[in-house]
Amino acid sequence: MATISCRVKNNDDSVIQLLNPNRQTIYFRDVRPLKDSRFQLVNFSDNELRVSLSNVSLSDEGRYVCQLYTDPPQEAYADITVLVPPGSPIMDSQEDVVSEGNETELTCTAMGSKPAASIRWMKGEQELTGKMTVDETYDGMFTVTSRLRLTVSKEDDGAPVSCIIDHPAVKDLQAQRYLEVLYQPEVKIVQAFPEGLTREGENLELTCIVNGKPQPHQISWLRVDDDVPSHTVITGSDLFIENLNKSYNGTYRCVASNAVGEAYDDYILFVYDAPTTIPTPTTLNLDNTQDSRAGEGAPQKIDHAVIGGVVAVVMFAILCALIVLGRYFARHKGTYFTHEAKGADDAADADTAIINAEGGHNNTEEKKEYYI
């Protein structure tokens, strides 16, 4: 709906009328000579004539005249521009499915608009630039077409591509479609067992993880420059070798293919020596009350501190024994007395001298000798 208003200041009872772009009288004062019921009187007074126009069409566009019957007549003008929004955009692609590395073309068309619409392209959050053409139809309407050329990669698979219509008569008008991209397999070999180094006598299990579009239909294993060991078990994407030895060293390859192409991944096998078995050492147990089951099943280690303590105790015991023996021999010393006969020269014989000497025992001088 459009509203057209004629306002007059200091009107001296002059007649007000409203004319359409074809100079036809729509309202003369409060009377409508034009037989078009879409025009309705909203307000009439000496100072204003206000008219509404409902269901506006493109033919209503143009200059409307507000005329005041004075001498000379006075006129004022109002232009009505009719905006025509485009219909829903039509989005199409050159091909529904594209292989990675190839180029595809998308088109987006906005028809029947006035003025001409503009078209923007978005791939996810990335804005892209297309080539736009504008065609004007016989009824003054416009058709706009935008073409986008795009080289796709595997990362574009499933990405949304939108064409967005910008027009003053409409908001949030767009079309969208998702890219479908075919790409060759991605191959990765994972060592499922063992977790660490591969050693002689152990088993080896490899898993080939494959992804592609379409899903790879063929997965195969081979050994580069040699044959796989005769007892190797291959089940689909899994490879199993038991009882490894160094003759199995080499490069093992997993190959996968689909309709787009072929890819592979390599695993280099190097077999290490088997771990050396070391005898379990026995720990010297000095505590008879120790529970012998406490360390059962665990490797025993010699406690050098305990051995040093034992040696120290033994040496201390020997030193103590030497001190005790020394003190014992010191107490049990050898003692003897020497009696010299004072009157031997005067005695008639030896017996008399001895008898005289014993009688003088108290006067004898004691001599002592010690032995340790």
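Are Cys208 and Cys254 buried or exposed? Both Cys208 and Cys254 are buried (under 20% relative accessible area, with exposed over 50% and partly exposed in between; 1.4 Å probe, protein chains only). The model is predicted, so that local features need pLDDT of at least 70 and side-chain atom pairs count only at pLDDT 80 or more, while totals for chains, interfaces and linings use all residues. Residues are numbered from 1 along each chain as its sequence is written, and side-chain values use heavy atoms, with hydrogens and water left out.

The structure contains 3 disulfides (pairs of cysteine sulfur atoms within 2.5 Å), and with bonded cysteines counted along the chain their pattern is 1-2, 3-4, 5-6. Cys6 is bonded to Cys66 with an S to S distance of 2.2 Å. Cys6 belongs to strand 1 (residues 2–7) and Cys66 to strand 6 (residues 62–68), so this pair ties together parts 60 residues apart in sequence; strands are DSSP runs of E, at least two residues, and helices are runs of H or I, at least four, each numbered from the N terminus. The sulfur atoms of Cys108 and Cys163 lie 2.1 Å apart. The torsion about their S-S bond is about 55°, so the disulfide of Cys108 and Cys163 is right-handed. For Cys208 and Cys254 the S to S distance is 1.9 Å, and the link is left-handed, with -90° about the S-S bond.

UniProt, in an unreviewed entry, places a "transmembrane region" at residues 305–325; positions follow the numbering used here, feature names are shortened, and annotations may be inferred rather than shown by experiment. This span is 100% helix and 0% strand, and its end C-alpha atoms lie 31 Å apart.
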